[in-house]
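I set aside some time for this one and kept notes as I went. Here they are, in the order I looked things up.

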Amino acid sequence: MTGNVTVLNADLTVLHTVSLNHAIRMICRNVAEVHESTDELIGIFIRPVSVRLLKYVVTTWRYQRQPKWSKSAVLRRDKYTCAFCAGKATTIDHVLPRSQGGGNSWKNTVAACSPCNNKKADRTPEQARMPLLFKPKVPEWTDLYTKKV
Ligand SMILES: [Zn+2]
């Protein structure tokens, strides 16, 4: 059973996503109720798309601050997949190369394998004619720290 369920705060602001199993446990414990669902049944449950917390949760710093950038966190965010060839990534690449003013930030770095990293060298994806397979983004905490279901 896979798939993510969006968790909404009691005021319907989006907090984060959890696994389907986690969402069902929240419903069973009366922590949350189904907000949106599909027609699909899972056992006796309607498969939720989003759940709403019954009590308002004051969002903690975890949800307000973005996770700290690091090379290993970029690899985790991109699931160790090279952004250029979808091979196994072992390093990271600066989309805008450091030599052209690009820095260490979530949106300027992607996971890459060494051959692609070497091939791209000090060029942008356009200059190197190596389009990105996915756009780098600031990850959610759950992207980095929740285990796969
Ligand atoms: Zn590659």
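**Ground rules.** I call a residue buried under 20% relative accessible area, exposed over 50%, and partly exposed in between, with a 1.4 Å probe and protein chains only. The model is predicted, so I noted that local features need pLDDT of at least 70 and side-chain atom pairs count only at pLDDT 80 or more, while totals for chains, interfaces and linings use all residues. Residues are numbered from 1 along each chain as its sequence is written, and side-chain values use heavy atoms, with hydrogens and water left out.

**Overall layout.** I took helices (H or I, at least four residues) and strands (E, at least two) as DSSP runs, numbered from the N terminus. The protein chain has six helices and six strands, in the order β-β-α-β-β-α-α-β-β-α-α-α from the N terminus. Of its 149 residues, 38% are buried. I also looked up the accessible area (Shrake-Rupley method, 1.4 Å probe; for residues, only the protein chains shown count as cover). The chain exposes about 9300 Å², and carbon and sulfur atoms supply 53% of that.

**T91.** I found T91 in strand β5. Is T91 buried or exposed? With a relative accessible area of 16%, T91 is buried. Contact here means heavy atoms within 4.5 Å.

**Zinc site.** Which residues coordinate the zinc ion? The SG atoms of C82, C85, C113 and C116 do, at 2.2 to 2.3 Å. Their spacing in sequence is C-x2-C-x27-C-x2-C. C82 sits in the loop between α3 and β5 (91-94), and C116 in helix α4 (residues 114-120), 34 residues apart. I count four donors as tetrahedral if all angles lie between 85 and 135 degrees. The donor atoms here subtend angles of 102 to 114°, so the arrangement is tetrahedral. C82 is buried at 0% relative accessibility, and C116 is buried at 10%.

**Cores.** A nonpolar core is a set of buried Ala, Val, Leu, Ile, Met, Phe, Trp, Tyr and Cys residues joined through side-chain atoms within 4.5 Å. The largest has 18 residues, and C82, F84 and C116 have the most contacts inside it. The elements giving two or more residues to this core are α3 (71-77) and β6 (109-112). Apart from it lies another core of 13 residues, including V5, I27, I42 and V51. Not counting residues up to four places away in sequence, F84 touches D93, C116 and K120, among others.

**Salt bridges.** My rule was a side-chain nitrogen of Lys or Arg within 4 Å of a carboxyl oxygen of Asp or Glu. How many salt bridges does this rule give? The count comes to four.

- R52 and E33 meet at 2.8 Å, N to O. R52 lies in strand β4 (residues 45-53) and E33 in strand β3 (residues 32-42), so the pair ties together parts 19 residues apart in sequence. R52 is partly exposed at 22%, and E33 is partly exposed at 34%.
- D93 pairs with K120, with the closest N and O atoms 2.9 Å apart. D93 is in strand β5 and K120 in helix α4, 27 residues apart. D93 and K120 are both buried.

Notes
Donors = N, O, S within 2.8 Å, 3.2 Å for Na, K, Ca; no water. Tetrahedral: all angles 85-135°; square planar, octahedral: opposite > 155°, others 65-115°.
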